[in-house]
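Please look over the fold below before reading on.

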Protein chains: 2
Amino acid sequence: MKQTYFTPGPAELYPTFYQHLQTALDEQIGSISHRSQRFRDIYRYTDEQLRTLLSVPASHAILFTGSASEIWERILLNCVEHESFHLVNGSFSRKFYDYAKALHKYAHLAEKPFGEGFDYADVEVPEYAELVCVTHNETSSGVQMRTPEIHKLKRKFNKKLFAVDMVSSAPYPDLDFSVIDSAFFSVQKAFGMPAGLGVWIVNDKCLEKAERLQRYEGCVIGAHHTLPVLWKNYQTFETPATPNVLGIYLLGKIAEDFNAIGIDALRRQTEEKARMLYKFLDSSDSYEPFVKEERHRSQTVVVAKTKKPSAEVISAVKQAGMVIGSGYGKFKESQIRIANFPATSAEQVSDLISELKKLA
Amino acid sequence: MKQTYFTPGPAELYPTFYQHLQTALDEQIGSISHRSQRFRDIYRYTDEQLRTLLSVPASHAILFTGSASEIWERILLNCVEHESFHLVNGSFSRKFYDYAKALHKYAHLAEKPFGEGFDYADVEVPEYAELVCVTHNETSSGVQMRTPEIHKLKRKFNKKLFAVDMVSSAPYPDLDFSVIDSAFFSVQKAFGMPAGLGVWIVNDKCLEKAERLQRYEGCVIGAHHTLPVLWKNYQTFETPATPNVLGIYLLGKIAEDFNAIGIDALRRQTEEKARMLYKFLDSSDSYEPFVKEERHRSQTVVVAKTKKPSAEVISAVKQAGMVIGSGYGKFKESQIRIANFPATSAEQVSDLISELKKLA
């Protein structure tokens, strides 16, 4: 029996994925050269669709990597000479910080307990930090930092480069790319595709920084997927190495479908489904939203404490044809995580809530 | 009309690819968690199939990255403190060397003109080189280095780590992994899959080196996909970040199909098809094998000089439903490149030769 995946990535495939894949196979997209005009047209198309969807201005390039985790490394190598600063409130924001340390950067952090989030007023950016790393949506704990707070922070510290991890929320966050220098995501979350492609939105200021670092003796910005080389290739809608061509094609098609719905409608639908889930959790005796502060509750990854062991809940829901995620790390057995991505409809969310209710 | 792709990667999809993809979609492989038992079973299966196909001993792990180009960088970061040595005879072996320079390694090279290859007797490895980088099959020029020559070289310089680029030839080369420390390929060449997955075969000696470098102050081995972290995750058939799960599944299935044919038969088929192509080129007045020395002629990427402009040849062949590659770089207009991968049968190669003959 086919299951409906409410897991926070890999996740349910977007309903139109199958027909786009069939078209891609019919058109032999898996075999075309990444140096062909056909590929350049595909890249240009996906770029246009994402640009429309996320309101990305001409100052920013849209680049492709193997994963979003790879982008953590590329941003740090290309945009930080000495010091980075990280808002850490979960396992993935911490990994971004760990990457900085592995690269021998002087990495600062501000930390919140698991399940709590950041507001603008909480944060003081260290004087010499070159890059501020913000996680819009912490997949492990279900905490978000609202975009107005991110924008205010950037405006206050406007000399710093800002990188926003929106891995498990894009295209939901309405980031203002006239202030945000870089943001990134992977396709196996809210875009409803199989994993294997990272998307890096990055501006000319980051490029300038990378070019400057590259000229410094003793500063290594990497060899593969360096920003200057990715950027140069992007000018003709090419990539330095063979990319996930099929993934780039499918991403463009799904972004087109999202644009047909309209980003405002898509965001409203996301908020409406999140409201349904949180309302149920708030009213239930068997579950409780893990994140206390409403403004910090993720709209795309809903985390709940369970009275029963989470494995029982997950197993019972699975019997009904739905897959939800366990809690992350040490919360594995006491929490569940429910993805709220565009691939699952309000009706499906309603069905899930009904099943969860039965377990009360 | 569906074309038959004789391009040297991305290339023709392997005929069984479509049915495996359908099974994967039916089983919702695109949605499963990379932390699930289902994923670990898939990784284990693909590992077993590749291990059988390529005779990989227990000393070596089989790891996954976004691409083979990424593996160039990972090998250099993890296995070289100061000095690497590169056999360069084309554009891709040169890129491996360029990556070493970008990472500020002291990179030595021995170079052959485009179209010429290396033999064991040609090569003297510099005294302090830690890693010897050999390209089994140079995709740009159609030159191979035969495996017995690679093995002899390693035995002579057995204290050095050896990394073999077999991007556009695996599974053809019968590398002896009891002597070769590391080798790698990508799936969009002879495995007949869409691009987006690199495969890194690497032994415990490379791991030891990486662990040693990691302890040295001031030595950075990277943050994403470092060898120690990939290796640790591999112990439970996991990956540090979400990999191309669907690609790993499909690779295991195609490797299984290759094993059903048998690696010896597969290699004989490859050689037989290569013989057909070179025999035709040698006997034709309109084409000429670019590589003069028979022993250096690639069995998997056949490069020919064309009397007519190559664009005319490519275009005429395309009319007949077949796609061949242009020459690489400055040879774009005077050469053609023909992939000889398992996805194209002897009959299809024969059809291609007939078309090429018509243009004489």
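1. Two strands count as paired if DSSP finds at least two bridges between them; helices (H or I, at least four residues) and strands (E, at least two) are DSSP runs, numbered from the N terminus. The model is predicted: local features need pLDDT of at least 70, side-chain atom pairs count only at pLDDT 80 or more, and totals for chains, interfaces and linings use all residues. Residues are numbered from 1 along each chain as its sequence is written, chains are lettered from A and ligands numbered from 1 in the order in which they are written, and side-chain values use heavy atoms, without hydrogens and water.

2. In chain A, 5 strands make an open sheet of mixed pairing, ordered β1-β13-β14-β12-β11. Its edge strands, β1 (4-6) and β11 (287-289), each pair on one side only.

3. Within chain A, β13 (residues 322-326) and β14 (residues 335-339) are antiparallel, with 2 bridges. Here G325(A) is opposite R337(A) of β14(A).

4. An open sheet of 7 strands in chain A runs β2-β10-β9-β8-β5-β3-β4, again with mixed pairing. β2 (60-65) and β4 (106-111) of chain A are at the edges with a single partner strand each, so one side of each has no neighbour in the sheet.

5. Helix α5 (residues 147-156) of chain A has buried residues (under 20% relative accessible area; exposed is over 50%, partly exposed in between; 1.4 Å probe, protein chains only). Among them are I150(A) and L153(A). The buried residues of α5(A) pack against β3 (83-88), β5 (131-135) and β8 (161-165) of chain A, contact meaning heavy atoms within 4.5 Å.
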